[in-house]
Amino acid sequence: MTHHRPGEAVLLAESALRSARSLAERGKDAEAEAVCREGLTELPGSLSEETDRLRVELLELLLLLTEPRWSRSPEYRAANPVERWAADAEAAAARIGDLQLRIRAASVAGRVLHRTQGVEAALAVQRRAVELASQSGDAVVQFLTLSAYGRELTKRDLRAGLAVLLEAEKRAKASPEITGSRSTVLRGAFRRTELEIGVGEFDAGYLGIAKTRLEFVAARLRAEPESASLLPIALNHLAKAQLAIGLWDPAADTLTEAVGLGDGAPDPWHAYNLALFGRLRVELGDLAAGVHVLESAWAETNRTPSMTVATLVCNLYAEGLLLTAGRRADVLGAVEELLAANLERCQRVSMVRSEVLAHSLLARLHLAMDELPQAHAASAAAVELYARRGPLPTVRGEEVLYWHAETQRRSGRADAAVETLSRARQLVRAKANSLDPELREFFLAVPLNQRIAEPMAGVAEGMGSI
């Protein structure tokens, strides 16, 4: 490092910040990142309002530029101490006392902690950002912090998080400063908020509202090239809504579009969409082709750094294998290995929703192998976790309950199976009531929903008219 007098060093850091911003605006992220790092080394060690302000600005930009590569791996964190950068930015903003900078620093720190420590750590910081923003009177800042907090909160308290997101959307629509903005960052945040509300409505069981919202968001994103990165995510959630309702052909079209957006490079959302497409092929009876697609999706997932998406794709792959295994011990053994590894992965990255499904799939595996005590234990773990933390994103509670009822029935617990099956039927009935008559007909024809509605041998009567 070249040593400069303090005044020269500040000028060099300011120049680095301007250059890094210019490079980032032109999409030259790697060059912008290098310039940010250089600018930080130029800052003098003595603290002042001027140097602290530059430190916050440079650290915030550096964190945003490196966000796509954030990882929990020791190797990455040794070379890129993102938590220390975030803490330094918050400390510098607090020393200055600038409310806007404190909000920005807290917001980016929340994103860092989500990736490195999980949702709980992120929520505390993002709640602080929302509280700071409420003091600012700035509609844009309040919207951005509410939206970020709501997205995280849905992962721990779905209904509370959805309420926060709806409040963020309401405030945005009431602010011409937001709705009329040409800022790609602000427009993207608004679109993501609309998308997350659609996802929240789906996860809460309001299938009709979710389908309409997600179709609207997907159409908007197709027309906005600057928001292209959100389109595969929107199509993923739209396809899941269509699959839940039983709209097989529209779901296949949606997933075909989503998979076609890939550029050949490993990408978590491309892998997830590919896995959903493979699982649909299996559902439709095209077993060999479906499993082949699932294998490709799982291979692609393992070439990406996303542990979160890995938990989702692994469950889909394991389920596809389970549905095609029959009594083949080698395939059943492979499913058991996949699920055991996925349970460990889920717990490591705090993916409760995937953990619930992995336990439930493990129960189904043990049922297929006539291992009833193990099946009941795994299914009970799924139901207990779901009851404690649900409703959960991407988890069909009625499916978890149905398979628990089946394990209870097979284990000779008929009375318990009656009660569990009744709860599953209540969830199906509530979701059916969220749909118009035409869509309700498709929904009730979904094989899982038909099994839930039918009498379970020696256990209970069908659910009758919905």
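**A walk through helices and loops**

The backbone oxygen of T301 sits 2.9 Å from a polar atom of the T304 side chain. The model is predicted. T304 belongs to the loop between α16 (287-301) and α17 (307-325). Is T304 buried or exposed? With a relative accessibility of 13%, T304 counts as buried, because the cut-off for buried is under 20%. Leaving aside residues up to four places away in sequence, T304 touches P266, D267 and P268.

P268 leads on to the next element. Helix α15 covers residues 268-283, and both W269 and Y272 lie in it. The two are three residues apart, about one turn of the helix. The structure holds four aromatic pairs. W269 and Y272 form one of them, with ring centres 5.7 Å apart and planes at 35°. How is this pair classed? The pair is tilted, because stacked needs planes under 30 degrees apart and edge-to-face needs over 60. W269 is partly exposed at 25% relative accessibility. Y272 is buried, at 4%.

Next comes a helix pair. Helix α9 (residues 158-173) packs with helix α11 (residues 184-203). Their axes are 9 Å apart, and the angle is about 145°. The crossing is left-handed. Which residues make the contact? From α9 come L158, L162, L165, L166, A168, E169, A172 and K173. From α11 come F190, T193, E194, E196, I197, G200, E201 and D203. By type, eight of the contact residues are nonpolar, two are polar and six are charged.

R182 is exposed, with a relative accessible area of 79%; the label applies because exposed means over 50%.

Most residues other than glycine have a negative phi. S350 has a positive phi, near 60°. S350 is found in the loop between α18 (329-349) and α19 (352-368). The phi of D370 is also positive, at about 60°, and D370 is not a glycine. D370 is in the loop between α19 and α20 (372-389).

The last stop is V446. V446 lies in the loop between α23 (437-444) and α24 (447-453). What does V446 touch? Not counting residues up to four places away in sequence, its contacts are L243, A244, I245, G246, W248 and R396. V217 gives another reference point for V446. The two are 229 residues apart in sequence and 25 Å apart in space, C-alpha to C-alpha.

Conventions:
Residues are numbered from 1 along each chain as its sequence is written. This is a predicted model: local features need pLDDT of at least 70, side-chain atom pairs count only at pLDDT 80 or more; totals for chains, interfaces and linings use all residues. Side-chain values use heavy atoms; hydrogens and water are left out. Rings of Phe, Tyr and Trp (its six-membered ring) pair if their centres lie within 6.5 Å; planes under 30 degrees apart count as stacked, over 60 as edge-to-face and the rest as tilted. Helices (H or I, at least four residues) and strands (E, at least two) are DSSP runs, numbered from the N terminus. Buried means under 20% relative accessible area, exposed over 50%, partly exposed in between (1.4 Å probe, protein chains only). Axes are lines fitted to C-alpha atoms, for helices over the stretch in contact, and angles run from 0 to 180 degrees between N-to-C directions. A crossing is left-handed if the near helix is turned anticlockwise from the far one by less than a right angle, and right-handed if clockwise. Contact means heavy atoms within 4.5 Å. Ala, Val, Leu, Ile, Met, Phe, Trp, Tyr, Cys and Pro count as nonpolar, Asp, Glu, Lys and Arg as charged, and the others, Gly among them, as polar. A polar contact is a pair of N or O atoms within 3.5 Å; within protein, one must be able to donate a hydrogen and the other to accept it, and residues adjacent in sequence count only if both atoms are side-chain atoms.
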